[in-house]
Amino acid sequence: MQRKIVIDSENIVYLISFVIDYEKIFENHLHFSLAISSSIEPQTYSEAAKNPEWREAMKKEIVALEMNQTWFMIDLPQEKKAIGCKWVFRIKYNVEGKIERHKARLVEKGYTQLEGIDYMDTFSPVVKLTTVRLLLGLASINN
């Protein structure tokens, strides 16, 4: 069976076999790539809310956020504006190309904040390699 790529705007037909040869791909890789390409991840909350698997994934994310005390509900001061959030959906596959789980993440739209107004400085809990070397050097000098 020949698979085709059709570009409607220009009415040009390209055979996928010009780009890829299925005969040279290991069977496991072929099944994996075909399985991944057949699944569609939702782009919006309303798309995901129609599917019970995605609803369960969103529920697990909310429970994890609450258990980790990542956020909690408070009253917003009158002069402040809330930062929006967005759901990001991903399908995680196992090595055989089968769906392992549906993963939903609730992320903030931090790009709406303004430095000096919404926050004063940023902090990233990442240590630089030079700092680790300095501490190891001091530890070795001082036994």
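This is a predicted model: local features need pLDDT of at least 70, side-chain atom pairs count only at pLDDT 80 or more; totals for chains, interfaces and linings use all residues.
**Entry 1. Starting residue and basis of the model**

I began with asparagine 28, which counts as exposed at 61% relative accessibility; exposed stands for over 50% relative accessible area, buried for under 20% and partly exposed for in between, with a 1.4 Å probe and protein chains only. I located asparagine 28 in helix 1.

Residues are numbered from 1 along each chain as its sequence is written, and side-chain values use heavy atoms, with hydrogens and water left out.

**Entry 2. Overall fold**

I listed four helices and four strands in the protein. Helices (H or I, at least four residues) and strands (E, at least two) are DSSP runs, numbered from the N terminus. Along the sequence I read the pattern β-β-α-α-α-β-β-α. Of the 143 residues in the protein, 10% are buried.

**Entry 3. Salt bridges**

I took a salt bridge as a side-chain nitrogen of Lys or Arg within 4 Å of a carboxyl oxygen of Asp or Glu. By this rule I recorded two salt bridges.

I found glutamate 41 partly exposed, with a relative accessible area of 22%. Arginine 90 is also partly exposed, at 41%.

In the other pair, glutamate 61 meets arginine 105, and here the closest N and O atoms are 2.3 Å apart. This pair too links distant parts of the chain: glutamate 61 is in helix 3 and arginine 105 in strand 4, 44 residues apart. Is glutamate 61 buried or exposed? Glutamate 61 counts as buried because its relative accessibility is 6%. Arginine 105 is partly exposed, with a relative accessible area of 37%.

I looked next at alanine 57, which lies in helix 3. Its relative accessibility is 6%, so alanine 57 counts as buried. From C-alpha to C-alpha, alanine 57 and arginine 101 are 8.4 Å apart in space, although 44 residues apart in sequence.

Glutamate 53 is likewise found in helix 3. I recorded glutamate 53 as partly exposed, with a relative accessible area of 46%. Glutamate 53 and lysine 103 are 50 residues apart in sequence and 9.4 Å apart in space, C-alpha to C-alpha.

**Entry 4. The largest pocket**

I recorded about 970 Å³ of space in the largest pocket. On a 1 Å grid over the protein atoms alone, a pocket is an open set of points where a 1.4 Å probe fits, with protein on both sides within 12 Å along at least five of seven lines, and lining residues have an atom within 4 Å of a point. The volume is the space filled by probe spheres set on the points, which are joined across faces, edges and corners.

Which residues lie nearest the centre of the largest pocket? They are Lys81, Ala82, Ile83, Gly84 and Glu108, out of 22 lining residues. Helix 3 (52–67), strand 3 (85–93) and strand 4 (99–108) each supply at least two residues of the lining. I divided the lining into 14 nonpolar, four polar and four charged residues.

**Entry 5. A nonpolar surface patch**

I noted a nonpolar patch on the surface formed by Val127, Leu129, Val132 and Leu136, with about 370 Å² of accessible area together. Patch residues have over 30% relative accessible area and no salt bridge, and nonpolar side chains are joined within 5 Å. Valine 132 sits in helix 4 (residues 129–141). Valine 132 is partly exposed, with a relative accessible area of 31%.

**Entry 6. Positive phi values**

I checked glutamine 69, a residue other than glycine with a positive phi near 50°. Glutamine 69 is placed in the loop between helix 3 and strand 3 and is exposed, with a relative accessible area of 68%.

Asparagine 143 also has a positive phi, near 55°, in a residue other than glycine. I found asparagine 143 in the segment after helix 4, where it is exposed with a relative accessible area of 87%.

Terms used. Ala, Val, Leu, Ile, Met, Phe, Trp, Tyr, Cys and Pro count as nonpolar, Asp, Glu, Lys and Arg as charged, and the others, Gly among them, as polar. Patches are made of residues with over 30% relative accessible area and no salt bridge: like charges are joined within 9 Å, nonpolar side chains (Val, Leu, Ile, Met, Phe, Trp, Tyr) within 5 Å. Accessible areas come from the Shrake-Rupley method with a 1.4 Å probe; for residues, only the protein chains shown count as cover.
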